[in-house]
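Here is a set of questions about how labels are given to parts of a protein model. Each reply sets a value against a cut-off and then concludes.

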Amino acid sequence: MNNNEENALNEQLAKQIMGEGATKEFIIRKGEALPVKEPTPVKFTAQIDAPARWLEKRVSETNQKQAYVYVDREAFSITLVTEEKSAYKDTVQGRLELSEEMNKLGINNGEYITAFEMSDLIKKNRSFFTSITEAMKLVSELRNFKAKVDKEIEASDDKRGNRRVLAAQVVESNLPSSFKVEIPVFKGQKKQVIEVEVEVNPDNLSCTLVSPEANDTVQKERDSIIDGVLSRIEAAAPDIVIIEG
């Protein structure tokens with residue numbers, strides 16, 4: 001098709017589409033069109049207040065009667081679902097996670113390591129302690145821990161099968177009863193001072209860090225933080241149903 005034929009065809013198409021005498025402008029594209037794609041739903045997990053942040057900024061774009069919030073306190077999560085009956089619904093989940101500091105120290109994770117490994121762990125993370133001097137003293141105690149225990153058991157062994165009892169006694173007497181660290185319990189939350197203990201298995205002298213105080217804080221702060229996020233959601237989108245699991 002030459003240029004004159006193409007121009008004539010374009011004019012004919014214009015008359016058919018726009019009508020005779022129309023002054024509107026339109027564009028005819030030649031070549032392959034872009035493929036038609038389905039909408040891409042949003043789906044992600046972020047910090048616990050993510051659903052509240054989403055609604056505070058986009059509530060005008062959200063059909064509140066077709067959305068819901070699901071709360072699972074045991075899983076430390078809040079999930080916002082929009083356009084609940086659509087295959088392209090958005091899902092925004094906020095989740096509470098233990099802080100990197102808690103995970104690095106292994107507090108309350110139940111995993112036992114050798115006394116030497118524990119001393120190395122504490123040395124690497126001494127900046128978490130409220131007193132670096134106290135941290136380094138504990139490092140020194142743990143590095144010499146097995147030798148001290150073996151020496152005192154040998155001196156006290158009554159040859160009547162009471163070695164485990166003696167080991168437990170020595171463990172109690174050689175390590176400090178507790179120490180304090182200043183760390184956030186949950187990721188993204190403020191630091192706080194927490195009391196931690198070194199728990200030792202008398203059978204093999206392996207160690208782990210435990211903190212009843214941190215465990216209590218996890219439970220109390222979980223509910224406080226989640227309730228705070230739910231209050232923000234209710235204020236931003238009062239017609240969205242909130243369901244507790």
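Q: How many bridges join strand 3 to strand 4, and do they run parallel or antiparallel?
A: In this predicted model, 5 bridges join strand 3 to strand 4 (residues 91-95), and the two strands run antiparallel. Two strands count as paired if there are at least two bridges between them, so these two count as a pair. Within strand 4, Gln 93 stands opposite Thr 79.

Q: What makes strand 1 and strand 8 edge strands?
A: The sheet is open and has 5 strands in the order 1-4-3-2-8, with mixed pairing. Strand 1 and strand 8 (241-244) each pair on one side only. On average, neighbouring strands of this sheet are turned by 20° against each other, direction ignored.

Q: Which strands does helix 2 lie across?
A: Helix 2 lies across strand 1, strand 3 and strand 4, and runs at about 135° to strand 4.

Q: Why is Arg 53 called exposed?
A: Arg 53 is found in helix 2. The relative accessible area of Arg 53 is 52%. Exposed means over 50%, so the label applies to Arg 53. The C-alpha atoms of Arg 53 and Val 229 are separated by 9.2 Å, and these residues are 176 residues apart along the chain.

Q: Why is the contact between Asp 49 and Arg 232 called a salt bridge?
A: The N to O distance between their side chains is 3.3 Å. The cut-off is a side-chain nitrogen of Lys or Arg within 4 Å of a carboxyl oxygen of Asp or Glu, so the pair qualifies. This pair links distant parts of the chain, 183 residues apart: Asp 49 is in the loop between strand 1 (43-47) and helix 2 (50-58), and Arg 232 is in helix 8 (residues 212-236).

Q: Are Asp 49 and Arg 232 buried, partly exposed or exposed?
A: Asp 49 has 14% relative accessibility. Buried means under 20%, so Asp 49 counts as buried. Arg 232, at 29%, counts as partly exposed.

Q: What does the salt bridge between Arg 73 and Asp 227 tie together?
A: The closest N and O atoms of Arg 73 and Asp 227 are 2.6 Å apart. Arg 73 lies in the loop between strand 2 (68-72) and strand 3 (77-81), while Asp 227 lies in helix 8, so the pair ties together parts that are 154 residues apart in sequence. Arg 73 counts as buried at 19%, whereas Asp 227 is partly exposed at 36%. Both residues belong to a network of salt bridges that also includes Glu 74, Arg 222, Asp 223 and Glu 244.

Q: How far apart in helix 3 are Glu 100 and Lys 104?
A: They are 4 residues apart in helix 3 (residues 100-105), which means about one helical turn separates them. Lys 104 is partly exposed, with a relative accessible area of 41%.

Q: How many salt bridges does the rule give?
A: The count comes to 11 salt bridges.

Q: How do you know that the buried residues of helix 5 are on the same side?
A: The buried residues are Ala 135, Leu 138, Val 139, Glu 141 and Leu 142. They cover an arc of only 165° around the axis, so they lie on the same side of helix 5. Thr 133 and Lys 137, on the other side, are exposed.

Notes. Residues numbered from 1 in each chain as written. Predicted model: local features only at pLDDT ≥ 70, side-chain atom pairs only at ≥ 80, totals over all residues. Heavy atoms only, no water. Buried < 20%, exposed > 50% of the residue type's maximum accessible area, 1.4 Å probe, protein only. Arc of directions from axis to C-beta. Axes fitted to C-alpha atoms, helices over the stretch in contact; angles between N-to-C directions. Contact = heavy atoms within 4.5 Å.
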